[in-house]
Amino acid sequence: MSQHRFASHGGDDRRPRFFVVFLALALLLVATASACGGDDEGNASGDTSETASCPLDDGEVNIFSTADVSAVAGDITPMQLRWIESEVPKINAAGGVLGCTLDIEVVDEPLPDFESGIRKYRAALASEEYDLYFAMFDSALVRALPKFTNRAKKILILAGVGDHQPFYEELEDPSYAMQAGVSTLGEGRAAAKFAADKGWKKIAILTPNYAYGQDVADAFKEYFLELVPDGEITTEQKPAFLEKNFQPFVNAVVASKPDAVFGGQYGADIISLYKLWKAQDLTIPTIFFTEQSVLEQLKPAQIPENSYGYDRGAPNILRETPRGQYVWDAYSEEYGTSDHPTPGSYVFIIDSAIQLVQALAEKTNGFDADAWTEAIKAGGFAYESAYQEEPTDVNHLNFEANTCATVGLVKFSEELSQGFYDPEDSAHVCLDEVIDDEEREELIGR
Amino acid sequence: MSTYLVQLLAGLGSAAVLFLVASGLTLIFGALRIVNFAHGSLYMVGAFVSVSLADAIGFGNAEFWIVLLLASLAVTAVGVAMEVSVLRLIYGQSLLTQLLVTFAFVLIIGGVVRAIYGSQPRVTETPPFLQGSVTIIDRQFPVYQFFLMALAVAVAIALWLMLYRTGLGRMVRAAVSDPELLALSGVNVSRLFTSVFALGCFFAGLAGAAVAPLGSVSLGIDISVILKAFVVVVIGGLGSIGGAFVGAILIGVADSFGILWFPETSLAIVFAVLVVVLMLRPQGLFGRAES
């Protein structure tokens, strides 16, 4: 079983020497700052008091998560792990969370073994070793998890997966599940709003035939037809993930004469479709799930005309916010010479989850699950994330953070040597723009 | 009209991909009676090696052929290593044993490929002479799909000639009928089996390298390709090259028109074809009933 534990002590870090040196330097800096009477204003990891006494008996706040550590599905989990590996030691060097050492243990699920993931969370819950839980990857898994974490009265923070079911039609009462990233509903509706604003009326759906692809297409379709009552879905094609030959699907889509094509395609499939688009000089706009793994692979000649994408916050857009700029800079400083020199959207999501933990701990002065949910239910709770300039609200009804998806034209950046979202033709659509509390209450059946 | 024509061509393009993979699979089964679940993994290795080679030597018109050949040979080498070290020990073993052992190779090869190439999708160019599209009435259709069709036909003809017009082919057919008698006549059956397995692997590598420019290359393409390839082999009749050729066309075209007419159930159509064929001919279209 692959396992990664990230803390500033113990654990089986992958680069122990680096951490020892880093920790020593960080402690030296902290000691120097204290001696000089400096304040913490420059500390982007939060203003945790160094003298705070940890309210937890063992002095640690332990977080458990499973994820795709073995990277079956690409670089999503590895990029999240890179940020944890980089950021957690800094937080701990600055005093931890309420004086507690932050320890995030990430165990291989391994994808797509749903049952194995469930077993690992249940074992973690039974062990009573963990104070909080993250869900970092598997949508199918996270849909089932709240049933266990809620029963155990443990906080579960979605820190990567986009599933929206646990927050609407399947919201439990009481619920201790929180969404710190962009949900499927949010990104599907953001894309629908973008398409409607473009004036497109006829949309072809070309989306993978598995849960995520179907969910995001449903979110898109429903909202698009609400925004454009005379709109039309010209065809719905559902190829397999990693389809060998998309040509029959492309033919069927073109034959339906759409204004644009929407789909939850990602990774290798987008590149395959782009090739076919280019080979046939097709100019029908596409909106696919163009996240970092695709952006990194794109070359200028491979991007067809009118290639739009959506992402759970495009990195080049998110870096315009103070927290986004911090994440971009810190990540680039650490990994700028690696194969993945700039952060992808999942880095900002895991950062959002860690920020949410810190903010709720500070707000309630502890880690009590009921105190955390009460703090949000009271209304007006917000924390710093990369999604907005101002603090990000957490909805008092279903604990979803007001995170934002980016929808826009994908172009090639010579500076970054990869694809990026053109700010001139992009929309940064936050959840509260596409769903209000009235609809939330309706969806969750209150 | 143009819609149906390009859909038919797209179906034939898919059939070409399926046949390129299924040809090696059915050849190996026909001669060695082994169900090689790792055939898709060899296809994946061919695709990844072709990306590496293209990165190293470029993907011009001449280099393209060199890449196809070298990638196929590289996969052949991997296949021979598999056969000599492990697979020859399980000839004649139960189907379950064969599936478990070859599935172990799926995991091993997948792990090695991930260790070497990482988990990001890789992209290779299309050679200049196969780029772009041709106009079919009022629709565009990629040139590369025609190349795949031509390659599939060339492979089918080459395999037929090899099996029915060469000494090696005669020995292979004799080995299928009675390997013990063939051994008694002085033929080194073990070496013959290795040769056949190598040939099947060569076609797996060729398929991977040829299909790579069609889209992207990523982990997981091994599993995604092998399922439909097995459907093709079963429909055609286990061990029948001609059957695989016809089965691939049947599945490719049925799938293509299913996508156009019944998009919600197109995948079901593929398996419906399988069920209908097996109901009418349990041994497959060109297979021989087991006595």
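Biologist: Which residues point one way from strand β4 (residues 132-135) of chain A, which point the other way, and are they buried or exposed?

Modeller: First, it's a predicted model: local features need pLDDT of at least 70, side-chain atom pairs count only at pLDDT 80 or more, and totals for chains, interfaces and linings use all residues. Residues are numbered from 1 along each chain as its sequence is written, with chains lettered from A and ligands numbered from 1 in the order written. In a regular strand, side chains alternate between the two faces of the sheet. Here A:L132 and A:F134 go one way, A:Y133 and A:A135 go the other, and all are buried (20 or more other C-beta atoms, placed from the backbone, within 10 Å of their own; exposed is 12 or fewer, partly exposed in between).

Biologist: Which residue stands opposite A:L132 in β5(A)?

Modeller: β4(A) has parallel partners, one of them strand β2 (residues 60-67) of chain A, paired over 2 bridges (pairing takes at least two DSSP bridges), with A:F64 opposite A:Y133. Strand β5 (residues 155-158) of chain A also runs parallel to β4(A), joined by 4 bridges. There, the residue opposite A:L132 is A:I155.

Biologist: What is the strand order in the open sheet of 7 strands in chain A?

Modeller: The pairing is mixed, and the edge strands, each pairing on one side only, are β8 (232-237) and β15 (418-430) of chain A. Inside the sheet, β9 (260-262) and β10 (286-288) of chain A pair in the parallel sense over 2 bridges, with A:F262 bridged to A:I287. The order is β8-β7-β9-β10-β11-β14-β15.

Biologist: Over to chain B. How are α1(B) and α8(B) oriented relative to each other?

Modeller: The axes of α1 (residues 2-32) and α8 (residues 189-211) of chain B come within 8 Å and cross at roughly 170° (axes are lines fitted to C-alpha atoms over the stretch in contact, with angles from 0 to 180 degrees between N-to-C directions). Their contact has 19 nonpolar, 3 polar and no charged residues, including B:L20 and B:L27 from α1(B) and B:F193 and B:F203 from α8(B). Given that crossing angle, the pair is therefore roughly antiparallel (the label for over 145 degrees; under 35 is roughly parallel, 65 to 115 roughly perpendicular, the rest oblique).

Biologist: And how are α5(B) and α6(B) oriented?

Modeller: α5 (residues 143-165) of chain B reaches 32 Å from first C-alpha to last, close to the 33 Å expected for its 23 residues at 1.5 Å a residue. Its contact with α6 (residues 167-177) of chain B includes B:M162 and B:L163 on one side and B:L168 and B:V172 on the other. Their axes sit 5 Å apart at an angle of about 75°. The two helices are therefore roughly perpendicular.

Biologist: Which elements of chain A do the buried residues of α5(B) pack against?

Modeller: Those buried residues include B:Y144, B:F147 and B:L148. Across the two chains, 32 residues of A are in contact with 35 of B (C-beta atoms, placed from the backbone, within 7 Å), and β8, α8 (247-255), α9 (268-279) and α10 (292-297) of chain A each supply at least two residues of the A side. Within chain B, the buried residues of α5(B) pack against α1, β3 (139-142), α8 and α10 (241-261). In chain A, they pack against α8 and α9.

Notes
Nonpolar A, V, L, I, M, F, W, Y, C, P; charged D, E, K, R; others polar. Expected span 1.5 Å × (residues − 1).
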